[in-house]
Amino acid sequence: MSSNPTPSPSEPEAEPRSLRLEDWLTVIVMAALALITFANVLVRYFTNSSFAWTEEISVFLMIALALIAGSAAVARDQHIRIEYFAEGGSALRSKRLSMLGAATVALLFGVIAVLSVRVVWDDYRFGETSPGIGVPQWWYSVWLPVFSALITARAVGLFIRRSRSSADGAEAHPQEPQA
């Protein structure tokens with residue numbers, strides 16, 4: 001009887017300690033969303049009208065929350081994947097698929113970060129304003145390249161951690177003890 005000494009990709013020991021940034025940002029954004037929504041509910045209840053700015057700010061915060069949570073999920077290797085393929089097979093296969101997934105995520109969000117800089121520049125240059133409250137649109141769009149770059153960095157870190165992990169061909173097929 002042998003146990004698999006290879007740690008699972010989502011075990012806490014493989015988790016970077018620097019994830020406190022994403023965790024605190026998640027708490028702050030969720031608190032802001034709750035406060036804004038609660039204030040809007042109170043105003044709507046007592047005055048029969050609502051704050052116009054709450055919807056625009058809430059949508060922005062939900063998008064930011066999705067990107068922040070995406071960064072934490074990538075760093076923790078808990079991003080979306082098909083478990084049948086990711087967990088099935090040998091440890092070496094799982095390691096290579098994890099590395100491929102991390103490289104793909106890094107490439108995708110790296111491209112998004114680069115291309116969204118142009119969007120921010122255009123919003124700034126042409127003086128675009130938000131439809132709800134009329135603030136400069138780049139106040140919102142500037143966060144897309146920032147968070148995309150953060151996700152890219154987390155994916156590169158995951159790729160490096162997976163490439164250094166001890167899963168190799170020998171551990172993929174553990175030998176049975178000799179009797």
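These are my notebook entries on a predicted model.

**Ground rules**

I numbered residues from 1 along each chain as its sequence is written, and I left hydrogens and water out, with side-chain values resting on heavy atoms. Since the model is predicted, I noted that local features need pLDDT of at least 70 and that side-chain atom pairs count only at pLDDT 80 or more, while totals for chains, interfaces and linings use all residues.

**Entry 1: overall layout**

I looked up the secondary structure and found seven helices and zero strands. Helices here are DSSP runs of H or I with at least four residues, strands are runs of E with at least two, and both are numbered from the N terminus. Along the sequence the pattern reads α-α-α-α-α-α-α.

I then checked burial. Of the 179 residues in the protein, 31% are buried. I use buried for under 20% relative accessible area, exposed for over 50%, and partly exposed for in between (1.4 Å probe, protein chains only).

The accessible surface is about 11700 Å², and carbon and sulfur atoms account for 67% of it. Accessible areas come from the Shrake-Rupley method with a 1.4 Å probe, and for residues only the protein chains shown count as cover.

For contacts (heavy atoms within 4.5 Å), I took those between residues at least 6 apart in sequence; 73% of them join residues at least 24 apart.

**Entry 2: helix α1**

I traced α1 over residues 20-47, which is 28 residues. From first C-alpha to last it reaches 40 Å, close to the 40 Å expected at 1.5 Å a residue. The expected span is 1.5 Å times one less than the number of residues.

Which residues of α1 are buried? I listed Glu22, Val29, Leu33, Ile36, Asn40 and Val43. These buried residues pack against α2 (53-75) and α6 (143-164). Just after α1, I noted that Asn48 takes a positive phi of about 65°.

**Entry 3: salt bridges**

I counted a salt bridge where a side-chain nitrogen of Lys or Arg lies within 4 Å of a carboxyl oxygen of Asp or Glu. By this rule there are five.

Arg76 and Asp23 meet through their side chains at 3.1 Å, N to O. Arg76 is in the loop between α2 and α3 and Asp23 is in helix α1, so the bridge ties together parts 53 residues apart in sequence. Asp23 counts as partly exposed because its relative accessibility is 34%.

Arg162 forms a salt bridge with Asp77, with the closest N and O atoms 3.2 Å apart. This pair links distant parts of the chain: Arg162 sits in helix α6 and Asp77 in the loop between α2 and α3, 85 residues apart. Arg162 is buried at 9% relative accessible area, and Asp77 is buried at 1%.

Arg125 bridges to Asp122, with 2.8 Å between the closest N and O atoms. Both are in helix α4, and because they are three residues apart, about one helical turn separates them. I recorded Arg125 as partly exposed at 42% and Asp122 as partly exposed at 21%. Salt bridges link Arg118, Asp122 and Arg125 in a network.

**Entry 4: aromatic pairs**

I counted six aromatic pairs. Rings of Phe, Tyr and Trp (its six-membered ring) pair if their centres lie within 6.5 Å; planes under 30 degrees apart are stacked, over 60 edge-to-face, and the rest tilted.

Phe60 and Tyr140 form a tilted pair, 5.2 Å centre to centre with 40° between the planes. The pair links distant parts of the chain, with Phe60 in helix α2 and Tyr140 in helix α5 (residues 138-141), 80 residues apart. Tyr140 is buried, at 14% relative accessible area.

Tyr124 and Trp138 are edge-to-face, because their planes stand at 80°, with the ring centres 5.8 Å apart. Tyr124 lies in helix α4 and Trp138 in helix α5, so this pair ties together parts 14 residues apart in sequence. Is Trp138 buried or partly exposed? I have Trp138 as partly exposed, at 30%. Ring pairs join Trp121, Tyr124 and Trp138 into a cluster.

**Entry 5: nonpolar surface patch**

I looked for patches, made of residues with over 30% relative accessible area and no salt bridge; like charges are joined within 9 Å and nonpolar side chains (Val, Leu, Ile, Met, Phe, Trp, Tyr) within 5 Å.

Ile82, Tyr84, Phe85, Leu97 and Leu100 form a nonpolar patch on the surface, and together they have about 560 Å² of accessible area. Helices α3 (83-87) and α4 (91-125) each supply at least two of its residues. Phe85 lies in helix α3 and is partly exposed at 44%.
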